[in-house]
Amino acid sequence: METTQEQAAQTRPAVAPPRPLPLPVAVAAAVAGGAAMLVAFPPYGLWPLAPLGVALLAAAAHRRRLRAGAGLGFLTGVALFAPMLSWTNLHTGYLPWVLLSLLQAGYLALLGAATAWVSPLADRVRWAWPALTGLLWVAQEALRDRTPFGGFPWGRLAFSQDDSPLLRLAALGGAPLVTFAVALTGGFLVAAAWWWQEPRRRPAGERRWAPVAVVAAAALAVPAGGLLVPVGAAGGGDPVTVAIVQGNVPRLGLDFNAQRQAVLDNHVDATVDLAAQVTAGARPRPDLVVWPENSSDIDPLRDAGAGARIQVAADAIDAPILVGAVLRGPGPGQVRNAGLLWRPGTGPDLEQLYTKRHPVPFAEYVPMRDLARMVSEQVDRVRSDFVPGSTPGVLRTGPAVLGDVICFEVAYDEVVRDTVTAGAQLLVVQTNNATFDVAEARQQLAMVRLRAVEHGRPALMASTVGVSGFVSPDGRVSDATGFNTRAVVVRELRLADGRTPATRVGLWPEVALTALAVAALAVAGVRRRRERAAGD
């Protein structure tokens, strides 16, 4: 019996040594991977291409040297972020866009190097390859979301899945779990491809159909499994009728700040018009009105005229208005980006005031201004540094407890979660997209959809120019407005008070997955040393 097995083994073809993809093929795969991930995001919305993009980068970097893996990851990053972030160059020139795109691509360079580093481990334990891919993506995003200057989470894989069954996983583990599932699916795809193409100790022409079929089925099962996750309101609450006022601006661009009175008047006039429609019975009376970020760039607490205009609107609609205001102070040359509750009859409620906690570096404040000016004088467009707030945006309006986050803050996990754990029943995202374009606005709305599912809360996004709209706790969008238009939408929402699993566990899924990624890198390092020692 043993002799027969030995003879059979001698007749099988020798196994070729493991090799990476030919370099031209790997370069093409890396660029195609970035492009595939790009079109997974809004406004394109081809979400199944996100796992494919992950698979292409994983295949390109597998078994390569670290520098080559980093280079391929960088190509993927440029192909993804340069077009995705093109809205940053609309009114500030090309340099900020180029620098930001290259910085973000640098994190995918680290991912490419890490993918190359764990190649021996993936070859040794092929079934671990999908999990390794998912873990490395979560770790990369955890780093990119926090560094430098507080990070820039735009373009996380999770935010490409707003129409995908995987979005439902946010209710269990937030954006990190969704990212892991997307990358895990991509890992299954690349593992199936490698299993198919690699030569084996089998007769010529025979393929290992069983492993390929199992892995391919797993790639399909991950998104399908998302459908099994229940989503919806985390505990039924009282109904509340909310109006979003999208007043629009006279002209798009950075000079909208020079149009401050016109922008404020647009929102006042739209609210007064809504009040007339309510009186005529054409629309329901709202319990709450939400204006967007920068709806009053004239400080209404210091400018009597601006305050009087807002009071006209609040008295006309006879409901509190959440105003997006720029407030001067607390110190000289400092300002605050705030959500301020303005009540009919009594005016501003200073106890219900939220100051944006995560101002955007180089847009709302300039770190190391003298050094930054040497790179680009565009930094001096930011004349006054925005001062960050220190408390979550929990505002008690009477009809509802709001969880207010302002603009890009919706991309940061803990900023949103803090409002929910502090009692928010309705998530409100005040934003100003007048310096960007419709692609940026739709990408931001995708983040709002994930947050609604993550925390089981109704949510809304109120923008100066669009896109504004309501989001149900299962992620569905209602009454979405057009871009660069004036619009007012009114809807009854059901408040929520409970907590989803994701709200309860908070940061821990990301911590656990990142720790496993670090452990995988360490194990891969041990295996590399053993292979070198064996080679010696």
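I count a residue as buried under 20% relative accessible area, as exposed over 50% and as partly exposed in between, with a 1.4 Å probe and protein chains only. The model is predicted: local features need pLDDT of at least 70, side-chain atom pairs count only at pLDDT 80 or more, and totals for chains, interfaces and linings use all residues. Residues are numbered from 1 along each chain as its sequence is written, and side-chain values use heavy atoms, with hydrogens and water left out.

**Entry 1: whole chain**

I started with the totals. The chain has 16 helices and 13 strands. Helices (H or I, at least four residues) and strands (E, at least two) are DSSP runs, numbered from the N terminus. Of the 536 residues, 55% count as buried. I then looked at contacts, meaning heavy atoms within 4.5 Å. Among contacts with a separation of 6 or more, 72% come from residues 24 or more positions apart.

**Entry 2: Asp 299**

I found Asp 299 in the loop between β2 (288-290) and α11 (304-317). Is Asp 299 buried or exposed? Its relative accessible area is 5%, so it is buried. A polar atom of the Asp 299 side chain lies 2.9 Å from the backbone nitrogen of Leu 301. Beyond neighbours within four places in sequence, Asp 299 is in contact with Val 326, Leu 327 and Arg 328.

**Entry 3: α10 against α11**

α10 (residues 260-279) packs with α11 at an angle of about 15°, the axes 8 Å apart. That angle makes the two helices roughly parallel. Axes are lines fitted to C-alpha atoms, for helices over the stretch in contact, and angles run from 0 to 180 degrees between N-to-C directions. Under 35 degrees is roughly parallel, over 145 roughly antiparallel, 65 to 115 roughly perpendicular, and the rest oblique. The residues of this contact divide into 12 nonpolar, two polar and three charged. Here Ala, Val, Leu, Ile, Met, Phe, Trp, Tyr, Cys and Pro count as nonpolar, Asp, Glu, Lys and Arg as charged, and the others, Gly among them, as polar. The α10 residues that meet α11 include Leu 264, Val 268 and Val 272. On the α11 side I noted Ala 306, Ile 310 and Ala 313, among others.

**Entry 4: α3 against α4**

I compared another helix pair. α3 (residues 49-61) and α4 (residues 66-84) pack at about 155°, with axes 9 Å apart. They are therefore roughly antiparallel. Four residues of this contact are nonpolar, three are polar and none is charged. From α3, Leu 57, Ala 60 and Ala 61 meet Gly 69, Leu 72, Gly 73 and Thr 76 of α4.

**Entry 5: two residues in α14**

Ala 446 sits in helix α14 (residues 438-455). It counts as buried because its relative accessibility is 2%. Which residues does Ala 446 contact, leaving aside neighbours within four places in sequence? They are Pro 42, Phe 159 and Asp 162. I also checked Phe 41: it is 405 residues from Ala 446 in sequence, yet 8.6 Å away in space, C-alpha to C-alpha.

Neighbours within four places aside, Glu 454 is in contact with Ala 170, Ala 171, Gly 174, Ala 175, Thr 500, Ala 502 and Thr 503.

Conventions
A polar contact is a pair of N or O atoms within 3.5 Å; within protein, one must be able to donate a hydrogen and the other to accept it, and residues adjacent in sequence count only if both atoms are side-chain atoms.
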